[in-house]
Amino acid sequence: MLLSFQWFLLVHLLYLMSIRDVEAQFPRPCTTPEALQTRMCCPLWNGSPCGFSSGRGVCAPHPARDLPKPVDYRVNWPRAFYDSVCTCWGNYDGFDCGHCLPGWRGPWCLQRHHVERKEITDLTDSERETFLKSLHQAKQSPSNRYMILTSNDTTVDRNYAFHNTSVYDLYVWMHYYSAKSYAGSEDNAAHRGPAFFFWHRLFLLFIEREIRELTRNQDFYIPYWDWTRTNHCNICTNQYFGGVGQDGHIDSVSLFSKWKTICPFQESLSIICINPDASDPPHLIRNPGKDPNFKTLPTAGDVEASMAATLFDTPPFDRRSRNSFRNKLEGFEIPDDSRHLNASMHNLVHRYLNGTMSLVPTAANDPIFLLHHSFIDKLLERWLQNHSGATYPDSYQVHPAQRAQAYMAPFFPLRTNNYYWGRDIKSLGYGYNKHSLPRSGAGHSVARQAEDEKFTLHCQSF
């Protein structure tokens, strides 16, 4: 009896210690009628829920948040679907605690693992080809671990269905689900608020892990694209993500010309990922720099102006915030200068590409999205290292889905919006290499300069 009581205390203590470590979408085992009826997402690992018998985690109720019932069931993740989920102990991670936390590997997750994310143009030919082929493999390969949700009305409980998808399209769906505004508002879980950076950090870590699992390459990583070092989309070529034709379609020579989009943008806020023309979804579109309202990329000076902000975020903690590092880098606080910009920083890059990337819910269909957000993550880490005293906002002015203790949708196991605050990227198993080339083309090889000039002339001839 005493031994049983001590075991209970140990399990309870471990649960309390690890509840903050509680990544992701709908795990396949959690989409069964039984799982939905019991409201439990605690898949078996090695024969027991959450690997409990192996000391990996426990199936436990997630703490309830005292919030009124939302109009849109996506707001209070994952309350509309599950009451109990896996809470993983130690260095274990995953919806069933069957994986390792970022930065760890090995059968017992005790070996440190680290990668250095390079700037995309610094990759060797072999590294670049491996990276691009890995993305294409992810686009073509079914996910055997997850399913995605569709709904024609997210204001009606249980109004959804689950569908198979590819590894890459799972990633696209996750962004759509979280980026589309909630019914009755302009807010969402991943933008226009303090969770913006950390939601996307987790997002990159998630797709890195899924592609590592798929390709069996544990050193796969997402490079970054430093758009301050170019005056055009220097990766919109067949060497990288595909040259662009006059109609905005990707050059047929490129692998990416075959990519079709999922989850088209729907004006109705309550529709999630329902394609009215599923038999022939559209291909990727890019028209970089061709919209006269968004014809330039952010500059190094714009970056430094954003980095100079001393406050992480400011009231009202949305697109109206001023003197906010988050809002400056996200791109809603626009510099007042001779360029007369209509968007800035992160937002401006999306709009500059003028196509699939320009609508927030559909943006992740374009693989350039990955590299763009890897660079945003690099800038975030630089700011955090220089502002160790900053804190995540603790205010009721923050939208409920982005408050510090709210869970980031749609990740399993659960991660609060402030989970990554105070965790530097080294502890998460990655860092960023500096770009090897100086700015403004100085030091570029003759071949690189000729390539850039040729691309510029090609763009001007559209």
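This is a predicted model: local features need pLDDT of at least 70, side-chain atom pairs count only at pLDDT 80 or more; totals for chains, interfaces and linings use all residues.
Helices here are DSSP runs of H or I with at least four residues, strands are runs of E with at least two, and both are numbered from the N terminus.

**View 1. Arginine 39 sits between a helix and a strand.** Look for arginine 39 in the loop between helix H2 (33-38) and strand S2 (40-41). Its phi is near 60 degrees, a positive value in a residue other than glycine. That deserves a second look because most residues other than glycine have a negative phi. Is arginine 39 buried or exposed? Arginine 39 counts as buried because its relative accessibility is 18%, and the cut-off for buried is under 20%.

**View 2. Arginine 216 also has a positive phi.** Here the loop is the one between H5 and H6. Phi of arginine 216 is near 60 degrees, a positive value in a residue other than glycine. With a relative accessible area of 76%, arginine 216 is exposed.

**View 3. Helices H5 and H9 pack against each other.** This close-up shows helix H5 (residues 196-215) beside helix H9 (residues 368-386), with axes 10 Å apart and an angle of about 125 degrees. H5 and H9 are therefore oblique to each other. The crossing of H5 past H9 is left-handed. From H5, the residues that meet H9 include Phe196, Phe197, Phe203, Leu204 and Ile207. On the H9 side, the partners include Phe369, Leu370, Ile376, Leu380 and Leu384. Sorted by class, the contact of H5 with H9 has 11 nonpolar, three polar and three charged residues.

**View 4. Helix H8 is largely enclosed.** How many of the nine residues of helix H8 (residues 345-353) are buried? Eight are, so helix H8 is largely enclosed by the rest of the structure. The buried residues are Met345, His346, Asn347, Leu348, Val349, His350, Tyr352 and Leu353. Their cover includes H5 and H9, along with helix H6 (300-307) and helix H7 (325-330). Just after H8 comes asparagine 354, with a positive phi of about 55 degrees.

View 5. In the whole structure, a search finds 43 aromatic pairs. One of them is tilted: phenylalanine 81 and tyrosine 160 lie 5.1 Å apart, centre to centre, with 55 degrees between the planes. This pair links distant parts of the chain, 79 residues apart. Phenylalanine 81 is in the loop between strand S5 (57-61) and strand S6 (84-88), and tyrosine 160 is in the loop between strand S12 (146-150) and strand S13 (161-163). Both phenylalanine 81 and tyrosine 160 are buried. Another pair, tyrosine 171 with phenylalanine 369, is edge-to-face, at 6.2 Å centre to centre and 80 degrees between the planes. Tyrosine 171 counts as buried at 0% relative accessibility, and phenylalanine 369 is buried with a relative accessible area of 0%.

**View 6. Cysteine 273 and its neighbours.** Cysteine 273 is found in the loop between H5 and H6, and it is buried, with a relative accessible area of 10%. Leaving aside residues up to four places away in sequence, cysteine 273 touches Leu149, Thr150, Trp173, Tyr176 and Cys263. Lysine 180 is 93 residues apart from cysteine 273 along the chain, and their C-alpha atoms are separated by 9.9 Å.

**View 7. Histidine 283 and its neighbours.** The loop between H5 and H6 also holds histidine 283. At 29% relative accessibility, histidine 283 counts as partly exposed. Beyond residues up to four places away in sequence, its contacts include His249, Ser257, Trp259 and Thr356. Histidine 283 and serine 257 are 7.2 Å apart, C-alpha to C-alpha, and 26 residues apart in sequence.

**View 8. Two cis peptide bonds.** Most peptide bonds are trans. Proline 315 and proline 316 are joined by a cis peptide bond with omega of about 5 degrees, and proline 316 lies in the loop between H6 and H7. The bond from alanine 409 to proline 410 is cis too, with omega near 0 degrees. Proline 410 belongs to the loop between H9 and strand S14 (430-432).

Terms used:
Residues are numbered from 1 along each chain as its sequence is written. Side-chain values use heavy atoms; hydrogens and water are left out. Axes are lines fitted to C-alpha atoms, for helices over the stretch in contact, and angles run from 0 to 180 degrees between N-to-C directions. Angles under 35 degrees count as roughly parallel, over 145 as roughly antiparallel, 65 to 115 as roughly perpendicular and the rest as oblique. A crossing is left-handed if the near helix is turned anticlockwise from the far one by less than a right angle, and right-handed if clockwise. Contact means heavy atoms within 4.5 Å. Ala, Val, Leu, Ile, Met, Phe, Trp, Tyr, Cys and Pro count as nonpolar, Asp, Glu, Lys and Arg as charged, and the others, Gly among them, as polar. Rings of Phe, Tyr and Trp (its six-membered ring) pair if their centres lie within 6.5 Å; planes under 30 degrees apart count as stacked, over 60 as edge-to-face and the rest as tilted. Buried means under 20% relative accessible area, exposed over 50%, partly exposed in between (1.4 Å probe, protein chains only).
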